[in-house]
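The exercises below are meant to be worked with the sequence and the structure open side by side. Each task is followed by a solution that goes step by step.

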Amino acid sequence: MKKTSLTAGLVFAMLNACTPSQQKTVLTQSGLNPENFETIVGTRQVRLYTLKNKTGMEVCITNFGGRIVSIWVPDKNGEMKDVVLGFDHIKDYQTIPSDFGAIIGRYANRIAFGKITVDGRTFQLPTNNYGHTLHGGPDGWQYRVYEATQTDDHTLKLTMTSPDGDMNFPGNVSVSVTYQLTEDNAIDIRYEATSDKKTVINMTNHSYFNLNANPAEATMNNILYVAADSITPVDSTFMTTGEMMAVAGTPFDFRTPAPLTDRVTAFDHEQIRFGHGIDHNFVLNTKGDDSRIAARLVSPVTGISLEVYTDEPGIQVYTGNFLDDTVTGKDGITYPQRAAVCLETQHYPDTPNKPQWPSAYLEPGKTYHSHCIFKFGVVQ
């Protein structure tokens with residue numbers, strides 16, 4: 001009897017077992033299907049990685065460009081919301097030009113006319129934005145595949161080697177970016193790089209934050225604070241002039257928290273007109289102290305707040321001016337103009353050609369370090 005019962009049990013189990021193709025896909029809390037992110041680019045495996053903490057926050061990252069795909073945080077009612085723009089399939093990241101959530105390098109922001117000089121030698125970089133080099137050129141690091149190591153539920157380390165001559169930049173550069181999700185709902189990002197030749201490095205994360213958690217609409221009702229007394233103004237091609245402009249009495253004065261609404265359309269101000277809104281580097285007065293708040297964004301709709309801490313001298317505030325209803329993102333939502341705010345911690349734009357500003361040169365034998373924290377909270 002025991003033998004017969006055992007055999008019957010095995011047959012029953014086999015009949016009711018699912019093959020791998022029949023097993024139900026486990027979605028992330030934010031609704032992403034990890035299978036949609038599995039592909040091979042060149043010889044490298046691309047996947048979706050998920051970080052979680054005990055409070056229920058979730059951050060999903062793909063090693064294609066080191067992109068943050070979703071950030072799942074509680075609002076003032078305790079309901080979980082996704083607060084960044086992006087795509088829900090890897091093919092869209094590959095085929096639709098975007099910087100959504102990406103690690104930017106070698107040089108975030110713009111380099112004038114694509115020219116840098118290193119030890120007396122001039123390097124011509126490819127230009128891709130009004131005659132300038134933007135975000136490392138047309139094949140910047142946002143389109144590269146990183147090696148990924150997830151050590152636990154909280155930590156993801158991404159590494160990559162950028163060869164000498166990559167986008168015409170000098171030096172073989174070894175890069176590591178570590179994302180850590182803390183128990184107090186912060187994404188701690190640490191960048192490191194070394195090079196065998198003198199070069200320039202300026203890295204950042206280019207997440208598009210929609211704290212209203214409604215990317216189908218503009219998010220300019222958000223309230224912004226920036227610890228900055230000045231900005232680096234730009235010309236009509238978005239290139240910094242080398243000057244500093246005081247924010248007092250201008251639409252760029254966020255030393256007292258203020259809604260973005262009227263500021264981004266104040267086109268009587270030349271800088272707003274040049275930027276088609278706000279797309280400017282703010283000169284932080286935090287002086288490299290990453291324990292001081294550099295910027296803070298709050299949604300009056302959801303109550304979700306985002307504090308930014310950094311050891312960088314500047315932060316680029318970009319109000320999604322060039323989103324234009326032509327890109328369809330997660331959940332089939334088309335992103336309209338100003339559907340998000342970017343807060344990109346950085347060295348100033350075009351620093352290699354502006355010797356009066358903090359240097360972005362990296363020497364052999366030295367290590368580039370940059371630190372950024374995105375800390376989420378709730379304001380009732």
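**Exercise 1. Charges over rings**

In this predicted model, find which ring lies under the charged end of Lys198, and which ring face Arg263 lies over.

*Solution.* Begin at Lys198, whose charged end sits over the ring of Tyr361, at 4.9 Å from the ring centre. Then turn to Arg263, which lies over the face of Phe254, 4.7 Å from the centre of that ring.

**Exercise 2. The strands around S23**

Identify the strands that are joined to S23 by bridges, and state in which direction they run relative to it.

*Solution.* On one side, strand S18 (residues 223-226) is joined to strand S23 (residues 295-298) by 4 bridges, and the two run antiparallel; within this pairing, Tyr225 stands opposite Arg296. S23 is also joined by 4 bridges to strand S24 (residues 304-310), again in an antiparallel arrangement, where Ala295 has Val308 as its bridge partner. Finally, follow the chain from S23 to S24: the two strands form a hairpin with 5 residues between them, and Gly303 in the turn has a positive phi of about 80°.

**Exercise 3. An aromatic pair and its cluster**

Describe the geometry of the pair formed by Phe100 and Tyr208, locate both residues in the chain, and decide whether each is buried or exposed.

*Solution.* The structure holds 13 aromatic pairs. In the pair of Phe100 and Tyr208, the centres are 4.9 Å apart and the planes stand at 90°, so the arrangement is edge-to-face, for which the angle must be over 60 degrees. The pair links distant parts of the chain, 108 residues apart: Phe100 is in the loop between helix H2 (90-95) and strand S7 (102-104), whereas Tyr208 is in the loop between strand S17 (204-206) and S18. For burial, the relative accessible area is 3% for Phe100, which is buried, and 8% for Tyr208, which is buried. Ring pairs also link these two residues into a cluster with Phe37, Phe87, Tyr93, Tyr318 and Tyr335.

Technical notes. Residues are numbered from 1 along each chain as its sequence is written. This is a predicted model: local features need pLDDT of at least 70, side-chain atom pairs count only at pLDDT 80 or more; totals for chains, interfaces and linings use all residues. Side-chain values use heavy atoms; hydrogens and water are left out. Two strands pair if DSSP finds at least two bridges between them. Rings of Phe, Tyr and Trp (its six-membered ring) pair if their centres lie within 6.5 Å; planes under 30 degrees apart count as stacked, over 60 as edge-to-face and the rest as tilted. Buried means under 20% relative accessible area, exposed over 50%, partly exposed in between (1.4 Å probe, protein chains only). A charge sits over a ring if NZ of Lys or CZ of Arg is within 6 Å of the ring centre and within 35 degrees of the ring normal.
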